Amino acid sequence: CVSRERVALTVGTSGAMRMLSSRAAPTTLPSELFCYRADRERVVIGGAVSDGGGLLRWFQESLKLTDDATELNRLLQECEPDSHGLTLLPFWSGERAPGWSNSATGTIHGLTAATKPLDIARATLESICYRFAFIADPLQSFARAAPMVNAGKVFLLYPFWAQMMADVLGQSVELSALPETTIRGAALLALETIGTIDTLETIKSEPGRTFQPDMQRHEVYRPAIGRQQELYRRLTT
């Protein structure tokens, strides 16, 4: 992801969605996004979430869900999108984008006696995808229709979550099979700076598995995103 043509979607303990641009830093920026300089010629534009795979792990431990990634993928796939009646704000570690609230805390709304631990796990993954959607929308003005390329081990362990992300965003998500992508990117920038490689653009990586969005599921998720945002508005205003 070395140009506006591809957006990096990272999900580890936390998460981020970022693009690299060789154009001048924007003079105005949507409030949901940040911008910082990667080097003398490039800027990074994007947003971040505080809770990603770390929150899933918290629920696995707290709700005694299986540690077996293959089994959890299978169980979650048996649930229909947004079928649990829950609205969740995934701010166990506070909120970065899009609201940048230092005081934000997590919320699960809609619990009943019929709610199962697996319902909460599914709602958690969906809720994190929804927060990424609020980053993806303003980022489109800088990287229109750019495919998402995922880095990090979480989606490799939980491909079901990668498919969910594609469905929520309504666009493809490609998994990178490269390990330690953040360190690799920093090393490549250093190698370019000292002249060992000509440009980042000359370094190619093998494409990984790509998840295409299910647009019927996308339509199911759209009102769920609105429901989450309405809860967010009520609790923060």
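This is a predicted model: local features need pLDDT of at least 70, side-chain atom pairs count only at pLDDT 80 or more; totals for chains, interfaces and linings use all residues.
Residues are numbered from 1 along each chain as its sequence is written. Local features need pLDDT of at least 70 and side-chain atom pairs count only at pLDDT 80 or more, while totals for chains, interfaces and linings use all residues; side-chain values use heavy atoms, without hydrogens or water.

Start with the strands. Here, strands (E, at least two residues) and helices (H or I, at least four) are DSSP runs, numbered from the N terminus. Strand β1 covers residues 7–11, and five of its five residues are buried. Buried means under 20% relative accessible area, exposed means over 50%, and partly exposed lies in between (1.4 Å probe, protein chains only). In a regular strand the side chains alternate between the two faces of the sheet. On one side of β1 sit V7, L9 and V11, and on the other A8 and T10; all are buried.

β1 has partners. Two strands pair if DSSP finds at least two bridges between them. With strand β7 (residues 148–151), β1 pairs in the parallel sense over four bridges. There, T10 has A151 as its bridge partner. With strand β2 (residues 15–21), β1 pairs in the antiparallel sense, again over four bridges. A hairpin of three residues joins β1 to β2.

From β2, move on to β4. These two strands are antiparallel and share seven bridges. G15 meets V49 of β4 as its bridge partner. Strand β4 spans residues 43–49, and seven of its seven residues are buried. V43, I45, G47 and V49 point one way, V44, G46 and A48 the other. On its other pairing, β4 is joined to strand β3 (residues 34–37) by four antiparallel bridges. C35 stands opposite I45 there. Five residues lie between β3 and β4 in their hairpin.

Now the helices. Helix α5 runs over residues 159–169, and ten of its eleven residues are buried, so the rest of the structure largely encloses it. Among the buried ones are F160, W161, M164 and L169. G170 follows α5 and has a positive phi, near 75°. Helix α6 (residues 181–193) has 13 residues and reaches 18 Å from its first C-alpha to its last. That is close to the expected 18 Å, which is 1.5 Å times one less than the number of residues. Just after α6, G195 also takes a positive phi, of about 85°.

Next, look at a loop. D82 is found between α2 (69–77) and β5 (87–89). Which residues does D82 contact, leaving aside neighbours within four places in sequence? They are E126, Y130, V220, Y221, A224 and R227, where contact means heavy atoms within 4.5 Å. The side chains of D82 and R227 make a polar contact at 2.7 Å. Such a contact is a pair of N or O atoms within 3.5 Å; within protein, one must be able to donate a hydrogen and the other to accept it, and residues adjacent in sequence count only if both atoms are side-chain atoms.

Last come the cysteines. A disulfide is a pair of cysteine sulfur atoms within 2.5 Å, and the structure holds zero disulfides. For C1, the nearest cysteine sulfur is that of C35, 17 Å away. C1 is partly exposed, at 34% relative accessibility. C129 is buried, at 0% relative accessibility.
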